[in-house]
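This report is for a reader who has not seen this structure before. Please look over the sequence and the structure first; the notes follow.

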Amino acid sequence: MIHLKKEETKAMVAVHGWSGILLGLLLYAVVLTGTVAVFAHEIGAWSAGHVARESIFEKPIDATVRRLTAMTPPQYHEAVNLFEIGDHGLGAFFHRHELDAEGAPTESGIYYQLDNTGRINRTVQGTDEEVFGPRNDDALSSFLVDTHVRLHVPNPWGLLLTGILGLAMLVAAISGVLIHRHLFKDIFTLRRRASPVLVDRDKHSVAGTWSLPFAFILAFTGSFFSFFGTIGVPVVAMAAFSGDVEALSEAVFGNPGPADPRPVAIGNLDRITADAISRTGEAPTFLAIEKFGRADATVTSFHNPKASDIEPVALLYNGATATFVRAKPTVGTTPSAGGTLAGIMGPLHFGNFAGILSRAIWFGLGFAMCYVTFTGMRLWVVRRKDEARSLAWLERTLTVVTFGLPFGLTASAAAFLVTMPMGSAVFWTPAAFLIASAGAILAGVVAPSNDRLTQLLKVATGAVMIVLPLLRLFVSGGPGWNEAIAADQPIIAALDVAFVVAGIWLVRGARTTESVPRRRTATLGAAAEA
Amino acid sequence: MPLWLPGGAAGIDNLVFPLVFAPLIWAILFFHACLDRSIARVALVAAALFLIHGGLVASRFIGEAPAAEKAQ
């Protein structure tokens, strides 16, 4: 173990406490929404009632893409991105690379949204930042992801904010390791019969210690993603390419080869998808066509990591002849340490390298991180509550955020289920979150005590959770369990059960809170000093 | 770092490593600042790193160190 001197340990305890307390509330919001967003795909399928069985890339797409090509102005034929949207529908972004008003590289073009029968539902024109907003059928999962990624703060400030939160988490995780003098003993120390605060401290310590490696990985990869485009790429481009971000991007992600601008129609995309599926055993997650309509066109097929691997798979095809060229790393032209390192950052952060199992573990550990953040802040506040009256309000604010955020998220899910059939989910999903959050804040102001506030928010969240499956079935018109299971979507039934169980657990937990003697709160401060 | 790290097998390690390890590099500097009892030493290390890397970038701009371009 690392044994620091007394003064150094004291400094690390202060760093650990302050890193959490200064940004803990925002960090809790990012971690909680990130935990839920681990299942964003499943939540999207559950909320919008997805029952299509086949990936869009397992069906013919070539004729559809040629039809879209004929409709698209030639200036956007430079490149095409193809990916799945909604219930195995197709998203196709025909675009060109250009510089925005500030000289930053951007993509501008036309984004077609098609259903799984090839019918165009919507066409949007603009830059990539403008066209890839939430849709009516994915407003809920989009809202979750956007909250996690940038807390709805406009770019680049939102990404910078979550990046700083990631650094705070990194500091808390590293200082957490340094202040444990008996790390392995602490993993198993849970004194259930001790005073309430010692029990709370043990729980914080045990949950924190078990999830320390995970916290470190999440904070590290999360900071990387937040700072990658906002600070990292411009700085590295400045140092290595005199500020030319396009040159850096081409060096890292490009497919170098001799230029051949002769106009040649793109090869058969169905042949490419079939070959990619036969090589990897699963449908692509994304197809990127560069130099579309030229003799030197390339098609890159991206896939999730294989069962025994953590690095995503990418296959390169000759676009004009639709023939396989080679497997390539997701970053760089040949396998390298840097390419592997950059390639595994995504799977490590999203936990999507071993199917539902790894994501379930990531969800559980994310939940543990929420618990650690909450209990850590609560211990800090309780220990100092008697020193300043304002800390009583901080304790109440902590309760509003900790229990009000899940309430707001479940309210936004309920609003999504009610308004999606009307086509207004993009507006009402975040609006319901704001209304519920305002309600939670109001409750925080008027509630007679912190315990009553906790109780109220738990009951409200639990009640909405219990109602969610009913809204999905009877208001949103979602599939029943038999239909969902027959369509290979058991996750819909599983999430229904999960919401009801979690709802009952919260309501029962609130009743338990009511029965806990108030002396617990009274002894909390004294015991915190122990 | 892009100017002095080796490019590796794909010629991109010098570009990717600084991007990936930026949070860890920051954390190392942060904990050094917290744990080193000599504030002068902390300032000296930070200033030395700043000057070395600032100098490399400046020399790149005046055309004396086109290392990254050669690596491509």
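## Overall form of chain A

Of the 530 residues in chain A, 43% are buried (a residue is buried if 20 or more other C-beta atoms, placed from the backbone, lie within 10 Å of its own, exposed if 12 or fewer, and partly exposed in between). This is a predicted model, in which local features need pLDDT of at least 70, side-chain atom pairs count only at pLDDT 80 or more, and totals for chains, interfaces and linings use all residues. Residues are numbered from 1 along each chain as its sequence is written, while chains are lettered from A and ligands numbered from 1 in the order in which they are written.

Chain A has 19 helices and eight strands (DSSP runs numbered from the N terminus, with helices being H or I of at least four residues and strands E of at least two). Its radius of gyration is 25 Å, close to the 24 Å that the globule rule gives for 530 residues, so chain A is as compact as a globular protein of that length. The radius is taken over C-alpha atoms, and the rule is 2.2 Å times the number of residues to the power 0.38. The C-alpha trace of chain A spans about 80 × 60 × 45 Å along its principal axes.

Two residues are in contact if their C-beta atoms, placed from the backbone, lie within 7 Å. Among the contacts in chain A with a separation of 6 or more, 66% join residues 24 or more positions apart.

## The sheet

The eight strands of chain A form an open sheet in the order 4-3-2-1-5-6-7-8, with antiparallel pairing; two strands pair if DSSP finds at least two bridges between them. Strand 4 and strand 8 (323-328) of chain A are at the edges with a single partner strand each, so one side of each has no neighbour in the sheet. On average, neighbouring strands are turned by 20° against each other, direction ignored.

A:Ser108 has A:Thr127 in strand 4 as its bridge partner. The two strands form a hairpin with five residues between them, and A:Gly118 in the turn has a positive phi of about 95°. Strand 7 (residues 313-318) and strand 8 of chain A also pair in the antiparallel sense, over five bridges, and A:Asn318 stands opposite A:Thr323 in strand 8.

Helix 2 (residues 40-48) of chain A is largely enclosed by the rest of the structure, because seven of its nine residues are buried. A:Ile43 and A:Trp46 are among the buried ones. Just after helix 2, A:Gly49 takes a positive phi of about 65°.

Helix 9 and helix 10 of chain A pack at an angle of about 90°, with their axes 9 Å apart (axes are lines fitted to C-alpha atoms over the stretch in contact, and angles run from 0 to 180 degrees between N-to-C directions). Residues of helix 9 including A:Val233 and A:Phe241 meet A:Val245, A:Ala247 and A:Leu248 in helix 10. The residues of this contact comprise nine nonpolar, no polar and no charged. Here Ala, Val, Leu, Ile, Met, Phe, Trp, Tyr, Cys and Pro count as nonpolar, Asp, Glu, Lys and Arg as charged, and the others, Gly among them, as polar.

## Contact with chain B

In chain A, 35 residues are in contact with 27 residues of chain B. Helix 9 (212-241) is one of the helices of chain A that each supply at least two residues to this side, and helix 9 gives the most, with 11 residues. The side of chain A that touches chain B has 24 nonpolar residues, 10 polar and one charged.
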